[in-house]
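User: I would like to go through this structure with you, starting with the overall picture and then moving to individual residues. Could you take a look?

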Amino acid sequence: MKIGILTAGGDCPGINAAIRGVAKAAILEHNIEVVGISDGFSGLLTKDFIPLDEHSLSGILTMGGTILGTSREKPYKKKKDEKESQKAEQIIKNYKAEKFDALVCIGGNGTMKTASLLAKEGLNIVGIPKTIDNDVWGTDLTFGFDSAVGIATEAIDRLHTTANSHKRIMIIEVMGHKAGWISLYSGVAGGGDIILLPELKFSEEIICNYLDHRALIQKKYSIIVVAEGIETKDNMKAGEYIAKVIQENIDYETRVTVLGYLQRGGTPSPADRILATRYGTHAVDLIFEGNFGRMVAIHNNDITSIPLTEVEGKTRLLDPLFPLIKKARSIGTCFGDKMP
Ligand code: F6P
């Protein structure tokens, strides 16, 4: 047997651990030939392949990023003048010419959608969900998320000391695309006083009133954790927008930190290494069972899989009634929707 592995979409810590999990299980348990595909789906278009063996896998467990490279190539996205995308057709041709018996696609929402469409055209596909955003439908957790939360939490811890020294309001903008998972988890872990989520509509007045209240009860500083995907005005970035609201209404000294790509870089957390390894080895189990067109997933800490068709085109956002939001409210965290 011969399988291909590709990594697509935004990179994150843990991708190499997943590649290692797939390749080592395939080679050691089933003596399967494993071929890495460069830069996501574009590598399948240009037939840019990297043979993977024990030697090339050595030492990648702890490495950030992806040894295969990635891209946001969307082969089914038609150009204006195209009747239908030629790229997808070419990918299918190259998959067959290369005599792949299966293709493992490691990626987020966009990757799972492309994977599902290719599976419908008869390719033997298994998806592995990765992203720092934790917003892939059908699984409790994507690897990359725990590492990003750790990075954001450490940053928030550092902001507490400088906010305290200067008696300032410190705003930290974290990633997450349209979801608030990173903001919620790092906000709770880092003791954010206000956490703003795309999924929970906030009121500027409540934010200002709560900051006034904190000043009144002699709280010398405040930490506000803002998801990049919150609704803003005039196309402003999330953190800058909240700073403007504060400065215009209550004029407290405020500073903004945009954590950005630091959340995507560096070595994966132990939890992400373990989850990525569990996902990678389970993907090989599915291949060996001939169980294709599925994405591996974790439900209540059990590794399982679901049909790619169930994932296609969906995003897993936070439910406003998510238990951790309720718990955070019970310790006085303000989500901007009502006074604590
Ligand atoms: O999907 C991961 C992510 O980091 C999002 O949190 C962020 O909004 C986006 O990717 C940034 O995209 P790019 O890497 O293309 O700038």
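Analyst: A residue is called buried when its relative accessible area is under 20%, as computed with a 1.4 Å probe. Please note that the model is a predicted one.

User: With that cut-off, what percentage of the 340 residues count as buried?

Analyst: In the protein chain, 52% of the 340 residues count as buried.

User: And the accessible surface, how much of it belongs to carbon and sulfur atoms?

Analyst: The protein chain has an accessible surface of about 15,100 Å², and carbon and sulfur atoms account for 51% of that.

User: What is the radius of gyration, and what would a compact globule have?

Analyst: The protein chain has a radius of gyration of 22 Å. A compact globule with 340 residues would have a value near 20 Å, so the two agree. Along the principal axes, the C-alpha atoms fill a box of roughly 70 × 45 × 30 Å.

User: How many helices and strands are there?

Analyst: The secondary structure comprises 12 helices and 11 strands. As for contacts between residues at least 6 apart in sequence, 73% of them join residues at least 24 apart.

User: Which residues touch the most other members of the largest nonpolar core?

Analyst: That core has 60 residues, and those touching the most other members are Ile5, Ile19, Ile106, Ile128 and Phe143. There is also a second, separate core of 23 residues, with Ala8, Val35, Phe100 and Ile306 among them. In soluble globular proteins, nonpolar side chains tend to be buried together.

User: Changing topic to charges: how far apart are the mean positions of the positive and negative ones?

Analyst: They are 2 Å apart, with 40 positive and 42 negative charges in the protein chain.

User: Now backbone angles. What is the phi of asparagine 134, and where does this residue lie?

Analyst: Asparagine 134 has a positive phi of about 60 degrees, although it is not a glycine. Most residues other than glycine have a negative phi. Asparagine 134 lies in the loop that runs between strand E5 (125-129) and helix H6 (145-166).

User: Is asparagine 134 buried or exposed?

Analyst: Asparagine 134 counts as buried because its relative accessibility is 2%.

User: What about asparagine 300?

Analyst: Its phi is also positive, near 50 degrees. Asparagine 300 is placed in the loop between strand E10 (294-299) and strand E11 (302-307). With a relative accessible area of 70%, asparagine 300 is exposed.

User: Which residues is histidine 282 in contact with, beyond its neighbours within four places in sequence?

Analyst: Histidine 282 is in contact with Val296, Ile303, Thr304 and Ser305. This histidine belongs to helix H10 (residues 270-289), and its relative accessible area of 17% makes it buried.

User: Where is threonine 62 found, and what does it touch?

Analyst: Threonine 62 is found in the loop between helix H3 (54-57) and helix H4 (86-97). Not counting residues up to four places away in sequence, threonine 62 touches Thr267, Pro268 and Arg273. It counts as partly exposed, at 39% relative accessibility.

User: How far apart in space are threonine 62 and arginine 168?

Analyst: They are 37 Å apart, C-alpha to C-alpha, and 106 residues apart in sequence.

User: Lastly, what separates the C-alpha atoms of serine 203 and phenylalanine 335?

Analyst: A distance of 9.3 Å separates them, while along the chain they are 132 residues apart. Serine 203 sits in the loop between strand E7 (194-196) and helix H8 (204-216), and it is partly exposed, with a relative accessible area of 23%.

Key. Residues numbered from 1 in each chain as written. Predicted model: local features only at pLDDT ≥ 70, side-chain atom pairs only at ≥ 80, totals over all residues. Heavy atoms only, no water. Helix = DSSP H or I, 4+ residues; strand = E, 2+ residues; numbered from the N terminus. Rg over C-alpha atoms; globule rule 2.2 N^0.38 Å. Buried < 20%, exposed > 50% of the residue type's maximum accessible area, 1.4 Å probe, protein only. Contact = heavy atoms within 4.5 Å. Areas by Shrake-Rupley, 256 points an atom, 1.4 Å probe, with all protein chains shown as cover. Lys, Arg positive; Asp, Glu negative; His and termini not counted. Charge placed at Lys NZ, Arg CZ, Asp CG, Glu CD. Core = buried A, V, L, I, M, F, W, Y, C linked by side-chain atoms within 4.5 Å.
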